[in-house]
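Student: Could you walk me through how to read the features of this structure? I would like the general idea each time, and then the case at hand.

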Amino acid sequence: MRFLTFTVLLCVALTTTGCSSNSDEPTEVPESVSGRWLLRMIDLTENEGYVDRAIALLELSSSEKEQTAKVLEDTQFLRKITVKNLQLGDTDVSFDLDGRGKMIHFEGKRDGSTIKGNASFGGVRVEPAWLELTENRGIYDREKTPPSEGLEEYIKAEQAGESPFDAAYQFAKKYPKRPLSIMVYRRLTGTLDQQVLSDEKMEKFVQSYLDAAAEWGEHMLTAAQLDVGWELTFRANQPELGVRYLRRADKKLTSSMRAVVGDDIEAAFRRVDALTAYDKALTGEPGALAELQAIHEKAPLEPIPLYTAAEAAMQLQETDIALKLYSRLATWPALQNMLFREDIWSAGDRLLPESKLRELWVRKNQNTRGLAEFQRQVYLALIEKLANQAGPKSERKPVKNHRTSVVEYFTGTSCLPCIAGDMATAAIEQEFPRDEVIVLRYHQHVPSINPLATLQSAQRLNAYVGREMTVPSLAINGRIATFPIKGFLTQAVDVIRRLRENLGPISQEATDLRIRLTAELDSAKRIQTSAQVTGFDDDNADALRLVLVLAEDEIDFNAENGIRIHNLIVRKMLSGVGGMTLVAEEVSPIEQPTVEELRSELLKELEIAEGRAEQLLDEKPMQLSSLWLVGFVQNIETMEILNGHAIPIEGTSASQTVAQGSTEQPSVDLPPLPGGTATPPPSIPQAPAAARVKRPLFPAIPKPSANNKGSKKQAPAIAEEPKASSSKAGPKLVAPGQ
């Protein structure tokens, strides 16, 4: 079906375009490369299929004194071109084209009136490209995107036979020197996991692909070796054959290629080493289990080395080793999900790592008592491991009246790309005390319904990123982070480094702006809070807002994406989402609910969300026993958060200790888990890139009115419920009275 759909697309394109380029070639080919050359590159377009796209018309000149290149005309593909690093030989040509920061590197070898080569784009994307000698002084419309040579014949070949794969393969073998054949081989390689090919036919197919790629230069050959090596190793279940080609490519990687795929190639090598050592271990070869453990420790976050070591230890009755390894596989986020896609797991007993962990625990302890706390410690150890992998921690000197940073992290319990940010912010919380860095987490119903999400959290995200409502998103002191925060456990290490770079210097800044907070539960379990801000400039006060947040700490909940410990989850914004205007005297927030009123409100919101999603949540963590009050001052004109402060609420378990991670959790006697086979969960799509809105963060806020206690009680900056709208955009920010 994949072939048929593509063929139909190309047939439509061919009804409206010709089938060949009509460029005017000189009747005589000059001896040197001096002349006018049209640079082309094969490209796949949405409406026209494969085309020989014109990139630029160049005039090259080579003499004993100098070599020059002049851009006679550019195209929409690359504008305002500058030629750099020009090298013109008798037969070899190479140069870089820089078009407004978009760089193409071309290198090729002359063959008559054509210079065949490749175009690379700063990494592993390499396409067939060539220079055509021409007498034209401009690029005519008919030359810009003609169908690639042989496109019509290729379509007919696919339609004529019963097997689109075989037909396409025969076409590529028939015309090995055409650029279209490279694209055909690339498409066929992406379907190798769906084909039933003998080892002999597989190797012949790969060799045909590599021979065709070699016609277009070393970079093209290396890219093809990476292509087939990756597909065979990770998708087509032929890792030994795949690694053979990856090792060939590894020897010829350019620095730009290695920067992109170097780590992945090393992971592929470890994968095959682990599978080989696993086979040795099961046949009783001495030292094989130790070899597996060593491979795992080199890359502890990769699932295959971990699984093979854990399973081998279990099969060999090495209970303590198996318990240690299976606890990681069952507890560390996403590893269990990643394992579901692996053939070695599918071909085995398909028991969940969680089931095997419980089996091992009972084997050693005769019951499951204490297992929950054991997994908690394994999880906390991962956070420390990630922090250590990120390098030395920030060195900071004590600063009097230092500034406290506020990190606002927007995430979701079913968001797999949020794992990196979740783990990184957890590591930062262990490194920075809360009087230096406060990390607030606003959970969203993205990509699916979330028991920790609230309406106000959605409004806060909407204020920062607009209608896209992207998770993960992260703001440091009111500014959306520009560095990457998406990813899994391996990406968490880099996010930790970036957070350290940003937060360390801020903790060394002094500020006169101070926030005083009080918070306690009264006899009726009502959350009584107040706040006072001093040290701010009265002339700037109209732009400043005090935001008060009620957050729950240390929630033990095994989320769908594997995050188990949730700190400072925003439960309610007592000031309203937009905050309150600053006044000199002490103020009280808009609302002071009881714990039960807060719980009822959150449960009601979740019931509404369940109805909209037509899905019932299995768990709704709602203990509300470890509550914190967080206050911060934000400038709504610049969006900057100037300072923050956080205190535990007296009368809750949070008030017993301020240290992170010190709350004792009782051991739980869990019922045995049935040893059924696992059904892999559906893949979760990643959220789109964040849209950064250049507008005031919050609307204007009315002046405060006095309450009966003599302090100031404020009206909300943003209504708690957005107005109904038929728009599919996210929640709107609505000023009072509108």
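**A covered helix, ring pairs and a helix crossing**

Tutor: Gladly; let us begin with burial, residue by residue. In H18, the buried residues are Leu 455, Gln 456, Ser 457, Ala 458, Gln 459, Arg 460, Leu 461, Asn 462, Ala 463, Tyr 464 and Val 465. Keep in mind that this is a predicted model.

Student: How many of the residues of helix H18 are buried?

Tutor: Helix H18 spans residues 455-465 and is mostly covered, with 11 of its 11 residues buried. Just after H18 comes Gly 466, with a positive phi of about 80 degrees.

Student: What share of the chain is buried, then?

Tutor: Of the 738 residues in the chain, 54% are buried. The chain has 20 helices and 24 strands. For contacts with a separation of 6 or more, 67% are between residues 24 or more positions apart.

Student: Let us turn to rings. How do I read an aromatic pair, and how many does the structure hold?

Tutor: Read two values, the distance between ring centres and the angle between ring planes; planes under 30 degrees apart count as stacked, over 60 as edge-to-face and the rest as tilted. The structure holds 15 aromatic pairs. Take Phe 165 and Tyr 169: their ring centres are 6.4 Å apart and their planes are at 55 degrees, so this pair is tilted.

Student: Where do Phe 165 and Tyr 169 lie, and are they buried or exposed?

Tutor: Both are in helix H4 (residues 164-174), 4 residues apart, which is about one turn of the helix. Phe 165 and Tyr 169 are both buried. They also belong to one aromatic cluster, together with Tyr 185, Phe 205 and Tyr 209.

Student: Why does Trp 361 count as buried, and why does Phe 374 count as partly exposed?

Tutor: Compare each value with the cut-off: buried means under 20% relative accessible area, and exposed means over 50%. Trp 361 has 10% relative accessibility, so it counts as buried. Phe 374 has 25%, and therefore counts as partly exposed.

Student: Which charged ends sit over rings here?

Tutor: Look for the charged end and its distance to the ring centre. The charged end of Lys 116 sits over the ring of Trp 216, 4.4 Å from the ring centre. Likewise, the charged end of Arg 247 sits over the ring of Phe 269, 4.1 Å from the centre of that ring.

Student: How should I read the crossing of helix H8 and helix H9?

Tutor: Start with the axes, then the handedness, then the residues that meet. The axes of H8 (residues 239-250) and H9 (residues 255-282) come within 10 Å and cross at roughly 145 degrees. The crossing is left-handed. From H8, Pro 239, Glu 240, Val 243, Leu 246, Arg 247 and Asp 250 meet Arg 258, Ile 265, Ala 268, Phe 269, Val 272, Asp 273 and Leu 275 of H9. The residues of this contact comprise 8 nonpolar, no polar and 5 charged.

Student: What does Asp 250 touch?

Tutor: Leaving out residues up to four places away in sequence, Asp 250 touches Arg 258, Ile 265 and Phe 269. Asp 250 is in helix H8, and at 17% relative accessibility it counts as buried.

Methods. Residues are numbered from 1 along each chain as its sequence is written. This is a predicted model: local features need pLDDT of at least 70, side-chain atom pairs count only at pLDDT 80 or more; totals for chains, interfaces and linings use all residues. Side-chain values use heavy atoms; hydrogens and water are left out. Axes are lines fitted to C-alpha atoms, for helices over the stretch in contact, and angles run from 0 to 180 degrees between N-to-C directions. Helices (H or I, at least four residues) and strands (E, at least two) are DSSP runs, numbered from the N terminus. A crossing is left-handed if the near helix is turned anticlockwise from the far one by less than a right angle, and right-handed if clockwise. Contact means heavy atoms within 4.5 Å. Ala, Val, Leu, Ile, Met, Phe, Trp, Tyr, Cys and Pro count as nonpolar, Asp, Glu, Lys and Arg as charged, and the others, Gly among them, as polar. Rings of Phe, Tyr and Trp (its six-membered ring) pair if their centres lie within 6.5 Å; planes under 30 degrees apart count as stacked, over 60 as edge-to-face and the rest as tilted. Buried means under 20% relative accessible area, exposed over 50%, partly exposed in between (1.4 Å probe, protein chains only). A charge sits over a ring if NZ of Lys or CZ of Arg is within 6 Å of the ring centre and within 35 degrees of the ring normal.
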